[in-house]
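Hi,

Here is the structure I said I would pass on. Have a look at it first, and then read my notes below.

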Amino acid sequence: MFDDFFIRALIAGIGVALVTGPLGCFVVWRRLSYFGDTLAHSALLGVTIAYSFELNIAVSVFLVSSIIALFLIQLQKKTNLPGDALLGLLAHSSLAVGLVVIGFLAFIRFDIMGLLFGDILAVTVNDLIIIWFGGALILLVLKLIWKPLFASTVNYELAEAEGLNPDRAKAIFTILMAAIIAISIKMVGLLLITGMLIIPAAMARNISDNPQKMVLFSVIGGLLSVIIGLFSSLEFNTASGPSIITASLVLFILSLLKIKQSIQLKN
Amino acid sequence: MGSNNNTLVKLKNVGYHQNDKWLVKGVSLEVEKGKIVTLIGPNGSGKSTTAKIALGIYKKIEGEVEKYTNKVGYVPQKVSIDWTLPLRVNDFMVLTENLKDDAINEALSLTGVVHLKNKNLGNLSGGEFQRVLLARAISKKPELLVLDEPVQGVDFTGEIALYELIKKISDDLNCGILLISHDLHTVMSATDHVVCLNGHVCCSGSPIDVAKNMEYKALFGEQASQILSVYEHRHDHVHSSEGDIKKN
């Protein structure tokens, strides 16, 4: 019934959703959606470098995004510019530089649409290995830093005062963000990765009253989005990224009904 | 003030400045096991800053902090919980330490809010939240408790009960407490050592010694000093509006 490529895309998507679920909750809680966007834009530069030097795309994107993230932290310390201006500066300049480099790579066949919006046809067995091994590693590290990261998300000073070392947890989390973008770029595309992080988590916020539940619902929402999105992508011949994100939007809208209910209950 | 085995944290001539302004300078104090040290002083005198230096929250400081424990409980002066986080009292209790249910219930019972265990943190009143904050800090049975105005917003009878609880915790757990408080009655009755701050240490000592001190009287007014019998002293320095200190 399904071609091989579709099964591969499904396995890849499920792997991505399992990781974006918990990470996305932290993106929402820590107000990092623009930070995610900046890393995703810089991923284009990573992709072009991968093509230029024949590197693995995920590895190259991971390295470039990590460097940009560390650069951002340095800029925040050394300049008086507001955080969003620095994010915009890095996002657009790395996107622009990436596009300029692509111009020089005219000799390479380049599926730019697939890069921006995801392409399920492009998922290889090699990508599956990267997604599942990389994803497992990200989840493992996240579990290890969960306590200090979560505590400092609630209150930085409490975490610091009671000896949890929140600064280290924050730095590691930044690296994890770069990693999830690197492994999910083929599935969702670099313009929509942040959506995959935020929308299922936002949906989960509407129907949760504690953090564990929110993480669980965020994962379930991500999985449903991937499955529904990929089937409709196959059915309507649309790009995989937008189809997945649209599916997650539908789930988000459904979750709003629950909020409306609880408001009516209060009245 | 020689340090011994009972010392939990010791500040040696510490100071902290932000944007070229010293928030506090030249503070030395020591918290020992089973003892309550209270910081008093007007608004902006550097009480919370001193607490944060002792806790290691401020790292770029002048002077030295020696800390002999990692089991710390902290009640900050201000905590704002973000609405983007769904958080129940129960989740907040295990924020920095994994606790058994019994320990959570015990701590919440002590501060009288065990019935709120499954309530959303955002739905609590100011006084209820303050009780939860205190419960969280004591639940891990810390060796050092730092309490920055722990009973703000708590009703009058509750306030007295909570101060009694703090004293009891200090005795039962043999933990050292660094307390910041505006309630001079309580300070004077339950404290072992008082440090009066005004950007620097104005005076310090036993509650009786401090109440006798003219500096203290100048800061808090005649009424405050009548809490305990007063002996007249002469000022040895005055504060200008810029915060400079001039010897008389």
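This is a predicted model: local features need pLDDT of at least 70, side-chain atom pairs count only at pLDDT 80 or more; totals for chains, interfaces and linings use all residues.

Let's start with B:L99. You'll find B:L99 in the loop of chain B that runs between α2 (89–93) and α3 (101–110). Leaving aside residues up to four places away in sequence, B:L99 touches B:M93, B:V94, B:I104, B:S139 and B:K140. Take B:K140 from that list: B:L99 and B:K140 are 41 residues apart in sequence, yet their C-alpha atoms are 7.4 Å apart in space.

Still in chain B, have a look at strand β6 (residues 144–148). Why do I call β6(B) largely enclosed by the rest of the structure? Because 5 of its 5 residues are buried. Both faces are covered, with B:L144, B:V146 and B:D148 buried on one side and B:L145 and B:L147 buried on the other. β6(B) pairs in the parallel sense with strand β5 (residues 72–75) over 4 bridges, and B:L144 is the bridge partner of B:V72 there. β6(B) also pairs in the parallel sense with strand β7 (residues 176–180), this time over 5 bridges; B:L145 has B:I177 as its bridge partner in β7(B).

A word on confidence in chain B: the mean pLDDT is 84, and 88% of the residues reach 70 or more. Over residues 228–235 of chain B, though, the pLDDT is below 50, and this stretch has 15 contacts in the model beyond near neighbours in sequence.

Now over to chain A. The axes of helix α3 (residues 57–78) and helix α4 (residues 83–104) of chain A come within 10 Å and cross at roughly 145 degrees, and the crossing is right-handed. On the α3(A) side you'll see A:I68, A:L72, A:L75 and A:Q76, which meet A:G83, A:L86, A:L90 and A:S94 in α4(A). By class, that contact has 5 nonpolar, 3 polar and no charged residues.

Last, where the chains meet: the contact takes 20 residues from chain A and 19 residues from chain B. On the chain A side, α7(A) gives the largest share, 5 residues. That side divides into 10 nonpolar, 5 polar and 5 charged residues.

Cheers

Key:
Residues are numbered from 1 along each chain as its sequence is written. Chains are lettered from A and ligands numbered from 1 in the order in which they are written. Helices (H or I, at least four residues) and strands (E, at least two) are DSSP runs, numbered from the N terminus. Two residues are in contact if their C-beta atoms, placed from the backbone, lie within 7 Å. Ala, Val, Leu, Ile, Met, Phe, Trp, Tyr, Cys and Pro count as nonpolar, Asp, Glu, Lys and Arg as charged, and the others, Gly among them, as polar. pLDDT is the predictor's confidence in each residue, from 0 to 100. Axes are lines fitted to C-alpha atoms, for helices over the stretch in contact, and angles run from 0 to 180 degrees between N-to-C directions. A crossing is left-handed if the near helix is turned anticlockwise from the far one by less than a right angle, and right-handed if clockwise. A residue is buried if 20 or more other C-beta atoms lie within 10 Å of its own, exposed if 12 or fewer, and partly exposed in between; C-beta atoms are placed from the backbone. Two strands pair if DSSP finds at least two bridges between them.
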